[in-house]
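This report concerns the packing of helices in a predicted model. The sequence and structure follow.

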Amino acid sequence: RLLFKKSNGALKKSAPNAYMLFRLERIKIFKGKRIPAIDITTNITGAWWGLSQDVRDAYKRTAHLLQGYLDFLNTCQNSVALTIEDQLMTFAMAARPMGTIPLENFSGEHFRLGY
């Protein structure tokens, strides 16, 4: 989900930034509740700035790693089909800051190249 366009499933050119990764994780709290979007955004933004610099830096490192991985996938897209299921989980475990991004966001299902 993070690296593919919703409209056609193609790889995106850029990965989500640190704030967007946090927002994607945090937005789940508000699912199914009738809260105005502006209130949700205000809450998430306040929570972002309430994080320690170390935690925000961890999100930034994750965003940077995701961008590197996306660049790699875009480079390899026309190459021989990659078997990335196992490689992807290894990458996800190494890339994600402890306790920040659920691993289900990194499952092979969401990163499949469509070969």
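## Packing of α1 against α3

Helix α1 (residues 18–26) and helix α3 (residues 53–76) have axes that come within 8 Å and cross at roughly 105°; they are therefore roughly perpendicular to each other, a term for angles of 65 to 115 degrees. Axes are lines fitted to C-alpha atoms over the stretch in contact, with angles from 0 to 180 degrees between N-to-C directions. Helices are DSSP runs (H or I, at least four residues), numbered from the N terminus.

The contact (heavy atoms within 4.5 Å) involves A18, L21, F22 and E25 of α1, together with Y59, K60, T62, A63 and L66 of α3. Of these residues, 6 are nonpolar, 1 is polar and 2 are charged; Ala, Val, Leu, Ile, Met, Phe, Trp, Tyr, Cys and Pro count as nonpolar, Asp, Glu, Lys and Arg as charged, and the others, Gly among them, as polar.

A58 lies in α3 and is buried, with a relative accessible area of 7%. The C-alpha atoms of A58 and A18 are separated by 8.4 Å, although the two residues are 40 apart along the chain.

## Basis of the values

Residues are numbered from 1 along each chain as its sequence is written, and side-chain values use heavy atoms, leaving out hydrogens and water. In this predicted model, local features need pLDDT of at least 70 and side-chain atom pairs count only at pLDDT 80 or more, whereas totals for chains, interfaces and linings use all residues.

Notes: Helices (H or I, at least four residues) and strands (E, at least two) are DSSP runs, numbered from the N terminus. Angles under 35 degrees count as roughly parallel, over 145 as roughly antiparallel, 65 to 115 as roughly perpendicular and the rest as oblique. Buried means under 20% relative accessible area, exposed over 50%, partly exposed in between (1.4 Å probe, protein chains only).
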